[in-house]
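Hi,

Here is the structure I promised to pass on. Have a look at it first, and then read my notes below.

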Amino acid sequence: MKNKKKICFEIMAIILITIFGICLAPKTLQNDTFYTIKIGEHIVQNKGIDMKDPFSWHQDLDYTYPHWLYDVMIYAIYCIGGMTGIYISTCVFSAILGIVLYKVNSKLTSNKVVSFVITILAMYLLRDYITARAQLVTFILFTLQLYVMEKLVNTSKKRYGIGLIIISILIANLHVAVWPFMFVLYLPYIAEYIFAVLEERTAKKYGKEVKEGNKVTIKKREGTKYLIIVMIICAFTGLLTPLGTTPYTYLIKTMQGNTTQNINEHLPMTLINCVEILCTLIIFIILLTFTDVKIRLTDLFMLGGLIFLMLYSKRQSTMFIIMCSVILNRMTYEFMKKDGEKIDDNLISVCTTLFGGFVVSALVLILGFHCAKGRVKEEYIDEKAYPVQMSDYILEYFDENNIDIKNVRLYNEYNYGSYLLYRGIPVFIDSRADLYAPEFNGGRDIFIDFMQSSNIEVWFEDTFAKYDITHIILYKDSKMNMIIKDAHLKGYNLLKEDDNFVFYEITK
């Protein structure tokens, strides 16, 4: 009877997580998705990677193709199903992420109900990062990495080491920017092993027994030695890409540059503005301070390290949510077990009753539909954010006036540059920030020239002269357009204006 109830709950949990994952998937495409499609197309049509950018009108820009495999995959999906295919793929990846999170939590913490609740909450916290971007696939791989690392240090079985190597190769080709992060996840296990060895030797030296800590448990897990060996092997898997040394240099160059200081998701986190994350941290503090629940030293290192990275860059909150969901699950369940070892069986019994199943399903569906509210009417492309009609006009204008688009030096803004190149219009800049940074292109700082011009930190006409700009497309309410319009600047011929964008030709 217990097994039947567990199977029923498992089926219900997976169905609800799948529905919830689909509800979180956005229908409207994000700007990175547009260049992803075109890069995938370029790789396929050219039958390889040339490490050069084909979409900007700037000459001889080097491009690293940091997620080439994902680009090719998305382009293949786009060829089969268009924008609808990409939306469906996002729904599928979101559902897979939820299911993998649930299974990893339930396997590593030996409970199902708390794992289900933690998974729903984690997916809700990740909702802003569930988009058609390479990160969604790597979220799944990092979750699997955590599971495989735990199994390797606990069992020392070779197959888990092979799994880590495969994950490393996949991440290095799917999203090279986050490949170094997988090595960060090894460090808490290695640190605990070192502490355990030192503690063991110290106790042996003075003829004492190793005592378990009151709050932090330290355990010497022999499989950690194999984990270290696998980590060293994985360090060479960065060579198993068509990108040369990019897996080893990309993150370093990015961190040395100034793009991370100007892109919102890379900025430091302000906790007061992230109430959900702040509440999660408070829960950890309560469990650690006001209960007798113990925490593994590995988990303590993992928790502390990810909090530091998250505060340094809000983008790392995703890794905090994914990895620390298992730690929170483990601690919460340990606290709940104080009331009885069969707490999970009791919870499953409640949740699999007709009333319990209805309540659980209703709560998840209400939250899911709340997140999905209004998305049915959304379009795949938001015409307020992306110049759909203006792009039509630009292409028609150049064609009617026999202007070779390859000779046009168009100035555009960062947020919709990817859509322009998707439409076949060469761009000044797009959301591939690294492409326009001096660390990647021999000192040319196109990114900062754009930032300073758009913020009017420098006179934008000097930038236009520097790059010999011939045409301009701007948001209608941008600072630059306001100055051009209100100051009646000469030399700007307004060719087209709609509700959201303006298109000028420079005549001076």
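Let's start with a pair of facing residues: Asn493 stands opposite Glu505 in E6. Keep in mind as you read that this is a predicted model.

E5 (residues 492–497) pairs with E6 in the antiparallel sense, over 5 bridges, and a hairpin of 3 residues joins E5 to E6. E6 also pairs with E4 (residues 471–475), again antiparallel and over 5 bridges; there, Tyr475 stands opposite Phe501. E6 itself covers residues 501–506 and is mostly covered, with 5 of its 6 residues buried.

Next, the charged pairs. The structure holds 21 salt bridges. One of them links Lys112 and Glu10, with the closest N and O atoms 2.9 Å apart. Lys112 sits in the loop between helices H3 and H4 while Glu10 is in helix H1, so this pair ties together parts that are 102 residues apart in sequence. Glu10 counts as buried, at 13% relative accessibility.

Another one joins Asp449 and Lys466 at 2.8 Å, N to O. Asp449 is in helix H18 and Lys466 in helix H19, so here the parts tied together are 17 residues apart in sequence. Asp449 is buried at 14% relative accessible area, whereas Lys466 is exposed at 57%. There is also a network: salt bridges with shared partners join Glu150, Glu192, Arg221, Arg296, Asp299 and Arg330.

Last, the surface. Ile7, Ile11, Ile15 and Ile19 make a nonpolar patch of about 340 Å². Ile11 belongs to helix H1 (residues 2–24) and is partly exposed, with a relative accessible area of 47%.

Cheers

Conventions. Residues numbered from 1 in each chain as written. Predicted model: local features only at pLDDT ≥ 70, side-chain atom pairs only at ≥ 80, totals over all residues. Heavy atoms only, no water. Patch = residues over 30% accessible without salt bridge, like charges linked within 9 Å, V, L, I, M, F, W, Y side chains within 5 Å. Areas by Shrake-Rupley, 256 points an atom, 1.4 Å probe, with all protein chains shown as cover. Salt bridge = Lys/Arg side-chain N within 4 Å of Asp/Glu carboxyl O. Helix = DSSP H or I, 4+ residues; strand = E, 2+ residues; numbered from the N terminus. Buried < 20%, exposed > 50% of the residue type's maximum accessible area, 1.4 Å probe, protein only. Pairing = 2+ DSSP bridges.
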